[in-house]
Amino acid sequence: MKYIQIEIKTSRAGIEPLLAALLEVGITDAVVEDPADIDDLLNKENEYDWDYVDESVLSLRDKEPQVTVYMNDDDEGRAAAENIRHAVDGLKSAAASGIFGAESDFGPMDVEVSICDDSGWKDKWKEYFKPAKVGKTIVVKPTWENYEAQPGEKVLEIDPGMAFGTGTHETTSLCIKLMEDYMKPSDRVLDVGCGSGILSIAGALLGAGDVLGIEIDPVAVEISRENIALNHVENTVRAQYGDLTKGVDFKANVVVANLMADLVIMLSRDVANHLLPEGIYISSGILEEKVVTVVDAMRTLGFRILEVRQDGMWYAVVAAL
C-alpha cells in the first residue's frame, strides 16, 4: 500500500500557526515532532514517568521541529497535498509581511512531499523477533515463526501486536527465570502490568492453577486476551483492565510485576494485601541506579529480600513478608 508523506520543517514558534493553517484546509490529523518536548520529558513531573531514555532519543533534541501529514496515494490525497502546499506558502507570506510580529521566526517552512510504500517497513521489526529460550523450559515463539519443541520445553506463542512485548527483553526474561525458580504447581499468580500477556501465560505453562493479569492499557488487555486464547490457557488465565492493584480482589502465591522502579515502589505498598501466606513477590524493570532505592523501600514496608538478580543493566528483586 502506498501513501503520501508531507513533511514541513518549521520552528517551535511556527508549530501552532502551521497547525491552524492546515486546519483551514481540512487537515485535522498531523504528527508533530518538537525536540523541546524531550526536555519537557527529562524535566518529568512524576518520578514514575520514565526510568531510562535511550541515547538515540536524546539525539533528537538537535533536530528542527517538523509537522508531518500522511494521506492516501489517490486523487483525494494528491489534492490535499497540493492544498497543504498552498496553505504553507500563504503562511510564509503572512509571516514575511510581519503580521505575526517583526521578531516571529517560523523556520524554513519547507514542504517535502514523497510517495512511500509501507510494505517494506510495517513488519520490518518481525525479522528480529525469533524463537528464543528464555528460561530453563520456556521458549517464546512469535506466531509467524516455525519451531519444533525439544524435550522438556514449553512453547509460549505470542503476537505482540500494538502492545509489543516479545519476552526477550532482560526484564521479562528475569521474571520468567525467577518464576521457574520460585513457583510451585497449582500456585495462584497475579501479573501486574501484564502487557501482551507473556508472564501470565508463562505462569500457566509453569503449572499455575489460576492467573490474573492486570493492565492499564486497554489495547494491551485485548492483545493479552488474544495471546491467552492462542496458547489455549483460557481456563487458567484471564486479563483485565486496571491501574496496578486498585480495586483488585485477588490473592496470589506469586505476584509478578515487570514495571519501572518507581511503579514497583508504588505497587509494593499494596502487595501485602494480595499475597497469600508464604507468598513471593517478584519485581523487575529496575535499573542499577534504582535497585538500592527499591530494596530499601521494600524493607521499610516489611519485606524480606530473598534475592536480587541482574541481567545487563536491569535488575529483578524477589521478596517475601
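A residue counts as buried when its relative accessible area is under 20%. By that cut-off, six of the six residues of strand β9 (residues 210-215) are buried in this predicted model. Strand β9 is therefore largely enclosed by the rest of the structure.

The two faces of β9 can be taken in turn. In a regular strand, side chains alternate between the two faces of the sheet. On one side of β9 lie Asp210, Leu212 and Ile214, and on the other lie Val211, Gly213 and Glu215. Both faces are covered. Strand β8 (residues 188-192) runs parallel to β9, and five bridges join the two. Within this pairing, Val189 has Val211 of β9 as its bridge partner.

The protein as a whole has nine helices and 14 strands. It contains 321 residues, and buried residues make up 46% of them. Among contacts between residues at least 6 apart in sequence, 67% join residues at least 24 apart.

An open sheet is formed by three strands in the order β5-β6-β7, with mixed pairing. Strands β5 (132-133) and β7 (154-158) stand at the edges. Each has a single partner strand, so one side of each is left without a neighbour in the sheet. Strands of a sheet pair through backbone hydrogen bonds, either parallel or antiparallel. For β6 (residues 138-142) and β7 the sense is parallel, over five bridges. Val140 stands opposite Leu156 in β7.

Helix α6 (residues 198-205) packs on this sheet and touches both β6 and β7. The direction of α6 makes about 155° with that of β7. The helix is mostly covered, with seven of its eight residues buried. These buried residues are Ile198, Leu199, Ser200, Ile201, Ala202, Gly203 and Ala204. After α6 comes Gly207, which has a positive phi, near 105°.

The loop between β6 and β7 holds Trp144. The relative accessible area of Trp144 is 28%, so this residue is partly exposed. Buried residues fall under 20%, and exposed ones lie over 50%. Trp144 and Asp159 are 15 residues apart in sequence. Their C-alpha atoms are 8.4 Å apart in space.

Aromatic side chains were examined next. A pair of aromatic rings is described by the distance of the centres and the angle of the planes. The count comes to four aromatic pairs. One of them is formed by Tyr281 and Phe303. This pair is tilted, at 5.5 Å centre to centre with 45° between the planes. The pair links distant parts of the chain, as its members are 22 residues apart. Tyr281 belongs to strand β12 (residues 275-287). Phe303 lies in the loop between α9 (288-300) and β13 (304-311). Both Tyr281 and Phe303 are buried.

A charged group also meets an aromatic ring. The charged end of Arg188 sits over the ring of Phe250, 4.2 Å from the ring centre. Arg188 is part of the residue range of β8 (residues 188-192), the strand that runs parallel to β9.

Key: Residues numbered from 1 in each chain as written. Predicted model: local features only at pLDDT ≥ 70, side-chain atom pairs only at ≥ 80, totals over all residues. Heavy atoms only, no water. Phe/Tyr/Trp six-rings, centres within 6.5 Å; stacked < 30°, edge-to-face > 60°. Helix = DSSP H or I, 4+ residues; strand = E, 2+ residues; numbered from the N terminus. Buried < 20%, exposed > 50% of the residue type's maximum accessible area, 1.4 Å probe, protein only. Lys NZ or Arg CZ within 6 Å of the ring centre and 35° of its normal. Contact = heavy atoms within 4.5 Å. Pairing = 2+ DSSP bridges. Axes fitted to C-alpha atoms, helices over the stretch in contact; angles between N-to-C directions.
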